[in-house]
Amino acid sequence: MITSLHNKSVKEVAALIGKKKERDRQGVFVVEGGKMFGEAPAERISRVYIAQGAEKEMYAQYGDKLSGLSCEIVADEVFAKMSDTVTPQGILCLVRQQRYNIEEILQDSEEKQMLFIILEDIQDPGNLGTIFRTAEAAGADGVIMSSRTADIYNPKTIRSTMGAVYRMPFLYAEDLSSIIKLLQEKGTAVYAAHLGADNFYDAYDYQKSTAFLIGNEANGLRDETADCADALIGIPMEGKVESLNAAVASSILLYEAYRQRRMS
């Protein structure tokens, strides 16, 4: 049992929680809580830590899964220090990162009408995680992000995805314009959420392969990125509100595409 804050594993978890560089170096990320552990693919879990006081509960609930994994019991006060949450749930694990390439994301593009969300420089981990969760719920096929977008493996982002991070293909791109061009060559129409749009989002047909472009929370899309889109689309708003939260805007657009496809 781990009883010291100076234990190597305790320091490792702290480094993985706090530093993207360390997560990338080791190729793993930290997952906390029973639900997120329960949904994590067993083959990608490298190690599990369980608080001493939660040991019976965790083995009663997840015993079959835990039996095939490397597990360590941690003194409650040490586990509390390892955790990134205010109220630790008694279990955390290290999960191997998943890497996708554009070919994998587009592998079904000739067989079905695809749906993507493309994010440029989204900075808030909670926004990013919520977009992943919504993308899965709306039947999207992938999330494509600029290299300056927040780290999907940030613990706050992971929690916000509510498990979607395990299932939603994603890609970080150094050059979004080249990815947009490739999607268009594959028959995908690209729509940019933009305050300068001439038409609202509900004026278009999203039943064919579609991608939505969402920009940075403060600055929106870069001009050069917006110029790549087939059309600029707006979201109608009352009052004095000038723009919507990036996750909210993404949800509206993704669910409009989902609605149209369900009704067809």
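# Close-up views of a predicted model

**View 1. Helix α4 and the sheet it lies across.** Helix α4, residues 55–66, lies across β2, β3 and β4 and runs at about 160° to β2. Contact means heavy atoms within 4.5 Å. Axes are lines fitted to C-alpha atoms, for helices over the stretch in contact, and angles run from 0 to 180 degrees between N-to-C directions. Helices (H or I, at least four residues) and strands (E, at least two) are DSSP runs numbered from the N terminus. This is a predicted model, in which local features need pLDDT of at least 70 and side-chain atom pairs count only at pLDDT 80 or more, while totals for chains, interfaces and linings use all residues. Residues are numbered from 1 along each chain as its sequence is written, and side-chain values use heavy atoms, with hydrogens and water left out.

The sheet is open and has four strands in the order β1-β4-β2-β3, with mixed pairing. Its edge strands, β1 (28–32) and β3 (71–74), each pair on one side only. From one strand to the next, the twist averages 20°.

**View 2. Strand β4 and its two partners.** Strands of a sheet pair through backbone hydrogen bonds, either parallel or antiparallel. Here two strands pair if DSSP finds at least two bridges between them. Strand β4 (residues 91–96) pairs with β2 (residues 45–51) in the antiparallel sense over five bridges. Within this pairing, Y49 has L92 of β4 as its bridge partner, and I45 has V95 of β4. β1 and β4 also pair in the antiparallel sense, over five bridges, and there F29 stands opposite V95. Five of the six residues of β4 are buried, so the strand is mostly covered. Buried means under 20% relative accessible area, exposed over 50%, and partly exposed in between, with a 1.4 Å probe and protein chains only.

View 3. A disulfide is a covalent bond between the sulfur atoms of two cysteines. The rule used here asks for a pair of cysteine sulfur atoms within 2.5 Å, and by this rule the count is zero. For C71, the nearest cysteine sulfur is that of C93, 9.5 Å away, and C71 is in no disulfide. C93 is in no disulfide either, its nearest cysteine sulfur being that of C71. C71 counts as partly exposed at 25% relative accessibility, whereas C93, at 0%, counts as buried.

**View 4. Strand β6 beside β5.** Strand β5 (residues 115–119) and β6 pair in the parallel sense over four bridges. In β6, M145 is the bridge partner of L119. In a regular strand the side chains alternate between the two faces of the sheet. From β6, G142, I144 and S146 point one way and V143 and M145 the other, and all are buried. Because five of its five residues are buried, β6 is largely enclosed by the rest of the structure. S146 in this strand has a relative accessibility of 1% and counts as buried. Apart from its neighbours within four places in sequence, S146 is in contact with L119, E120, D121, Y172, A173 and L176.

View 5. Two packed helices are described by the angle between their axes and the distance between the axes. The axes of α7 and helix α11 (residues 246–263) come within 9 Å and cross at roughly 10°. These helices are therefore roughly parallel to each other; angles under 35 degrees count as roughly parallel, over 145 as roughly antiparallel, 65 to 115 as roughly perpendicular and the rest as oblique. Residues of α7 that meet α11 include N127, T130 and I131, and those on the α11 side include L254, Y255 and Y258.

A140 is found in the loop between α7 (125–137) and β6 (142–146). At 11% relative accessibility, A140 counts as buried. Leaving aside neighbours within four places in sequence, A140 is in contact with L115, A135, M168 and L254.

**View 6. Two loop residues with positive phi.** Most residues other than glycine have a negative phi, and most peptide bonds are trans. D121 is not a glycine, yet its phi is positive, about 60°. This residue lies in the loop between β5 and α7 and counts as buried, at 10% relative accessibility. M162 also has a positive phi, near 50°. M162 lies in the loop between α8 (155–161) and β7 (170–173), and at 32% relative accessibility it counts as partly exposed.
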